[in-house]
Amino acid sequence: MDMKNRFTLYYFPTSYYSHLVLIALEEKQALYKEKIINFLSGEQLKVKFVRLYYKCEIPVLTDGDKVVVESKDIVDYIDKEVPTEPKLVPDKSSEIGKEVERVRGILGRICMEYITYGCLFYPELSHSGLKLPKAFLKTRKEIEDAWSTFATTCAELADKHPDLRDAYLTKNQYFTKKISLCSDKVRVQKAIDDLDKVFEQMETLLIQNKKDGVEETWIVGPTLTAADISLATLIGRAVYLGLDSKLFSRDKRPEVYQYWTRISERSSIKKTVLGAAKATAQYMLKQKAKIVLPVIGGLATVGLAAGVAALLIAKKYT
Ligand SMILES: N[C@@H](CCC(=O)N[C@@H](CS)C(=O)NCC(=O)O)C(=O)O
């Protein structure tokens, strides 16, 4: 199969885990088709998508008949299959490869989805105010209502599709659990506090790299790797949640500050993480047009029919 028609990415522009994969595809300059799954409106629960990934989660990458799931595995897969530089996942048995995996591990353990919704549930936990794209800015009540509806939908679909029963029932419980987890303000605050430790670790790593003599350093050595994709995604989300001023500044953790200034200049980050609001707005507009256009089309047809009828009537009586 030619490169152009090879990959299809199922994702949503504001989704944290989608960002990891989108950045990898952009960095590798890979061509891919896009299928947007609006997980804010429950599109991930559609039968067709559950058949693709029983966990009903984005991102999902398909390569012909092959289906690749879980953002970390997708990034590994893209790096293996697309030969262009940079090498995002160096040989995992090499020193540098081990370090890349170690840093990805630290960053991968942070449940940023939970922190994101925690901040939406309790906006006062944000340091400088939420800056998430408009489509994502919902109140606690709106989110809870949506998740309760999704849970009910899952229970109904479990009855309707016996072969997908387990997947839907698991997902039903997932939404109920998610509501209770994100409602626990103390735990959300603790998760935000833990972020501070991770940022401290990243600052130390960057200082260490500088000491090792690499001036324009990435998080592991002199070239951009998958560990940088994880870190840029994390910092980008911290910015959207208004937590950045708490975690780093020119004075507090200047290395992280400089790092973010530099990496956020890359077109891959501009297009994906920083471009999330624009991409979501464009998608929403297209969706609206899909609803409105058939109506206009319908009206035009009615109008045309009325016009023809009027002409015929006019002819008959002249
Ligand atoms: N471990 C998964 C997590 C993916 C994930 O949680 N994705 C979110 C969007 S950022 C999702 O699909 N949520 C759907 C839902 O809550 O039903 C990965 O790394 O790909």
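One definition before the details: two strands count as paired here if DSSP finds at least two bridges between them. With that in hand, Phe7 stands opposite Asp63 in β3. Please keep in mind that this is a predicted model.

Now the strands around that pair. β1 and β3 run antiparallel and are joined by 4 bridges. On to the next pairing: β3, residues 60-63, also pairs with β4 in the antiparallel sense, over 4 bridges. Leu61 has Val68 of β4 as its bridge partner, and Val60 has Val69, again in β4. The hairpin of β3 and β4 has 2 residues between the strands, and Gly64 takes a positive phi there, near 65°.

What is the order of the strands in the open sheet? There are 4 strands, arranged β2-β1-β3-β4, and the pairing is mixed. Why is one side of β2 and of β4 left without a neighbour in the sheet? β2, residues 32-36, and β4, residues 66-69, stand at the edges and each has a single partner strand, so one side of each has no neighbour in the sheet. From one strand to the next, the twist averages 20°.

Next, the helices. Helix α1, residues 16-27, packs on the sheet and touches β1, β2 and β3. The direction of α1 makes about 150° with that of β1, residues 7-11. Helix α3, residues 71-81, packs on the sheet as well, touching β3 and β4. The direction of α3 makes about 130° with that of β4.

That is what I wanted to show.

Note on methods
Residues numbered from 1 in each chain as written. Predicted model: local features only at pLDDT ≥ 70, side-chain atom pairs only at ≥ 80, totals over all residues. Axes fitted to C-alpha atoms, helices over the stretch in contact; angles between N-to-C directions. Contact = placed C-beta atoms within 7 Å.
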